[in-house]
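Here is a short briefing to read beside the model on your screen. Take a look at the sequence and the fold, then work through the points below.

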Amino acid sequence: MSNITFTMIKPDAVKAGHIGGILDKICAAGFRIKAMKMTKLSMETAGKFYEVHSARPFYGELCEFMSSGHIVAAILEKDNAIADFRTLIGATNPAEAAEGTIRKMYATSIGENAVHGSDSDDNAIIEGNFFFSGLEKF
Ligand code: CMP
């Protein structure tokens, strides 16, 4: 079990003005922000980040959406970070997400689902290193 996860606040939630609300829930749930930046992905960088999904039918749509506006990327620290963060954000499809979860509150569809959360300890490290250098992690 690692104590690190990686998240992005996605373009739908940034455009709708939910950065503050989402960060508030993350901090209230006991996560510490180890690194954070607002940035914008190109089609190419979105494609690299989501390469694991390149064979999926929604890959093109996913990359277009993720490069359609600003995102907020962050590395978060907490005991049991992967599982606890996935509980906090709720199911990938907001229609199936539990009441009070970030996706239930802020997401509109399975594609535009407000936040990303790493699915494993190994991917949290890979994803965090995709966005942040050693000098940017505290
Ligand atoms: P995320 O946790 O960022 O990881 C992969 C993303 O692919 C996922 O959130 C969804 O936004 C997206 N995704 C998964 N399934 C579908 C789908 N059926 N249609 C469109 N997008 C999807």
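What follows covers the sheet, the spaces inside and on the protein, and the cysteines.

Please keep in mind that this is a predicted model. Its four strands make an open, antiparallel sheet in the order S2-S3-S1-S4. The structure also has one cavity of 30 Å³ or more, and its largest pocket has a volume of about 760 Å³.

**The sheet**

- The edge positions belong to strand S2 (32-40) and strand S4 (115-117); each has a single partner strand, so one side of each has no neighbour in the sheet.
- From one strand to the next, the twist averages 15 degrees.
- S2 and strand S3 (residues 70-77) run antiparallel and are joined by eight bridges.
- As a general point, strands in a sheet pair through backbone hydrogen bonds, in either a parallel or an antiparallel way.

**The helix across the sheet**

- Helix H7 (residues 121-131) lies across strand S1 (4-9), S2, S3 and S4.
- The angle between H7 and S1 is about 50 degrees.

**The largest cavity**

- This cavity holds about 30 Å³ of space.
- Its lining consists of Thr-7, Ile-9, Leu-23, Ile-26, Ile-33, Met-36, Val-72, Ala-74 and Leu-76.
- At least two lining residues come from each of S1, helix H2 (19-28), S2 and S3.
- S3 gives the largest share of this lining, with three residues.

**The largest pocket**

- The lining of the largest pocket is made up of 30 residues.
- Nearest the pocket's centre lie Lys-10, Tyr-50, His-53, Leu-62 and His-116.
- Helix H4 (59-66), helix H5 (81-89), S4 and H7 each supply at least two of the lining residues.
- H7, the helix that lies across the sheet strands, gives the largest share of the pocket lining, with four residues.

**The cysteines**

- How many disulfides does a search of the whole structure find? The count is zero.
- Cys-27 is partly exposed, and its relative accessible area is 40%.
- Cys-63 counts as buried, because its relative accessibility of 3% falls under the 20% cut-off.

Notes: Residues numbered from 1 in each chain as written. Predicted model: local features only at pLDDT ≥ 70, side-chain atom pairs only at ≥ 80, totals over all residues. Heavy atoms only, no water. Disulfide = S-S within 2.5 Å. Buried < 20%, exposed > 50% of the residue type's maximum accessible area, 1.4 Å probe, protein only. Pairing = 2+ DSSP bridges. Axes fitted to C-alpha atoms, helices over the stretch in contact; angles between N-to-C directions. Contact = heavy atoms within 4.5 Å. 1 Å grid on protein atoms, 1.4 Å probe; cavity = no way out; pocket = protein on both sides within 12 Å on 5 of 7 lines; lining within 4 Å. Points joined across faces, edges and corners; volume = space filled by probe spheres on them.
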